[in-house]
Amino acid sequence: MNTKQLNILLADDDKDDRLFFSMALEALTIPTKLATVVDGEKLMAYLFENEQQLPDVIFLDLNMPRKNGFECLLEIKRDQKLNQLPVIIFSTSFEQDVVNMLYKNGAKYFIRKPSEFLQFKKIIQQIFTLISQENMQNPSRENFVLTV
Amino acid sequence: MTSIKKPDEEELVITRKELALQKEEKEKLVEELIIARKELAFQKEEKGKRAAELGIANIELAYQDDEKGKRAVELGIANIELAFQDDEKGKRAAELGIANKELLFQNEEKEKRAAELSIANKELLFQNEEKEKRAAELGIANKELLFQNEEKEKRAAELSIANKELAFQNEEKEKRAAELIIANKELAFQNEEKEKRAAELIIANKELLAFTYISSHDLQEPLRKIQTFVTIILENENENLSENGRYNFQRMQLAAGRMQLLIDDLLAFSRVATTELIFEKTELNLIIEEVKADLKDTILEKHATIEVTEIGSANIIAFQFRQLMYNLISNALKFSNPDIPSHIIIDSKIVKGVKLNNEKLSPEKNYCHITVKDNGIGFEPHFSDRIFEVFQKLHGKEVYTGTGIGLAIVKKIVENHNGIITATSELNKGACFDIYIPAG
């Protein structure tokens, strides 16, 4: 396990989900620093403001006001400075078509938000493990969707 | 007589006798002389008559001489006439010579003609024979025709009866047709109305399914959060809760879990009904393998064997068909007989519609017939249609989890493939699902 502190950016308009996420992070043994934004516009603004100190990983909700997750993903992947950022989709819904499109558009992993807190923790742990192991190599399609 | 005299009496007797005889003789002579005189007188008379006749004859001769002179003159004339006639005959003979030559030529010509006629006759004879043969054949043919004619007449008589019958029926049909035209107009109007209603219903249905989809989708989030909070409380506040409080939270968790299942199934159902249908040639075996991988744990738990016998490819909407196979196989596993290992047999074959004996299938088309058969608890035969309806369940949720949507999704998917699905079963005798989709 990498001992270096992980900088995490979470874009989610849902207060409860942001709470679950931070609770799960607290429960983990990995040193992390969490920043949160509440919509797509704020996410992009945050990224452009912090170009010099980009997060290690972005957790991106899809259904957000003003600018949704799909748009943000496209913008990030088209931007030369941002396109190396690992974007992990964190969504309630699970649609095969949507998942395919996200994979094609360069998202790193897809996580369906679990309904049990224990699973929540496990899946975030799993992500950090994977991210520290892989060197920015995108997973194959069959490993794109993470399940507990 | 007189000179010879003999002296004796005898001699005298003889001489007397002799003298008597001579006297007799003299008397006879006198008599003869009388007669001769009479003869001479008659002859003299006759000579007078002859002389008279001669005089007449002379006159006659003189006349005849005269006549002869006349005849001689006539003969002279006749001779001249003959000479003329001779001359004429000579002329005639010359003419006859010419005429003979002419006749000779004509004869030759006639012989040629005769030869030609002989050939022609032979030809005619041959033709005659042929004609007789033909005539004999015609005779047979005539008999045949005669027989056929008779038959035709019989048929004609029958047809005439049938025609009358048809004419009557035609009239009836025309009446019916007129009635039908009116009825048709009525139906056309009703059809239009129905089409309007159907179009409205299709729109309403789509709206309803879209609504189902959106609402189900949006219901997921608050439900998930309830579930997460419950687990957080159970995890973090476990020691602060009473036994009863923990039990109630667990019940809440179960209820939320069922709601999640329901929402997932409703989403799947409305998705199957609303998404675009893209058909592609797909190996059914690949789909079954994927489903088996998804259900790996349940298969182990139920000690199930899934036997795929004969399986080919089909023109299908792949992701929907995966869902279909998933639902059928997971159903078979769920409703397995707890006393025996679950055994599921899947096969597919191409069958001509006419052999399937189902009025909903076109006899000319080929169908891909897929069978999923299990040895589970089955169901009573009268439920075989109802199990495909939304929310229809045959068991309480405490016994078998589920929402009653799984088979409705299966049916919808089969319909999306323009096919039909049937279920056959008896209680505790396993269930068999037959799917027929048009083979590409």
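**Exercise 1.** How much area do chain B and chain A bury between them, and what share of it is on carbon and sulfur atoms?

*Solution.* Start with the term: buried area is the accessible area (1.4 Å probe) that two parts lose on being put together, summed over both. For chain B and chain A this comes to about 1700 Å², with 48% on carbon and sulfur atoms. Next, look at chain B: Arg224(B), Lys225(B) and Glu235(B) lose the most area to chain A, together 31% of what that side buries.

A word on the model: it is predicted, local features need pLDDT of at least 70, and side-chain atom pairs count only at pLDDT 80 or more, while totals for chains, interfaces and linings use all residues. Residues are numbered from 1 along each chain as written, chains are lettered from A and ligands numbered from 1 in the order written, and side-chain values use heavy atoms, without hydrogens and water.

**Exercise 2.** Count the salt bridges between chain B and chain A, then find where chain B supplies its touching residues.

*Solution.* A salt bridge needs a side-chain nitrogen of Lys or Arg within 4 Å of a carboxyl oxygen of Asp or Glu. The count is six. One of them joins Asp14(A) and Lys225(B), at 2.3 Å from N to O. Now the helices (DSSP runs of H or I, at least four residues, numbered from the N terminus): H1 (9–236) and H2 (243–274) of chain B each supply at least two residues to the side touching chain A. H1(B) gives the most, with 13 residues.

**Exercise 3.** How many disulfides (cysteine sulfur pairs within 2.5 Å) does the whole structure hold?

*Solution.* Zero, over all chains. Take Cys368(B): the nearest cysteine sulfur, that of Cys432(B), is 14 Å away.

Key. A disulfide is a pair of cysteine sulfur atoms within 2.5 Å.
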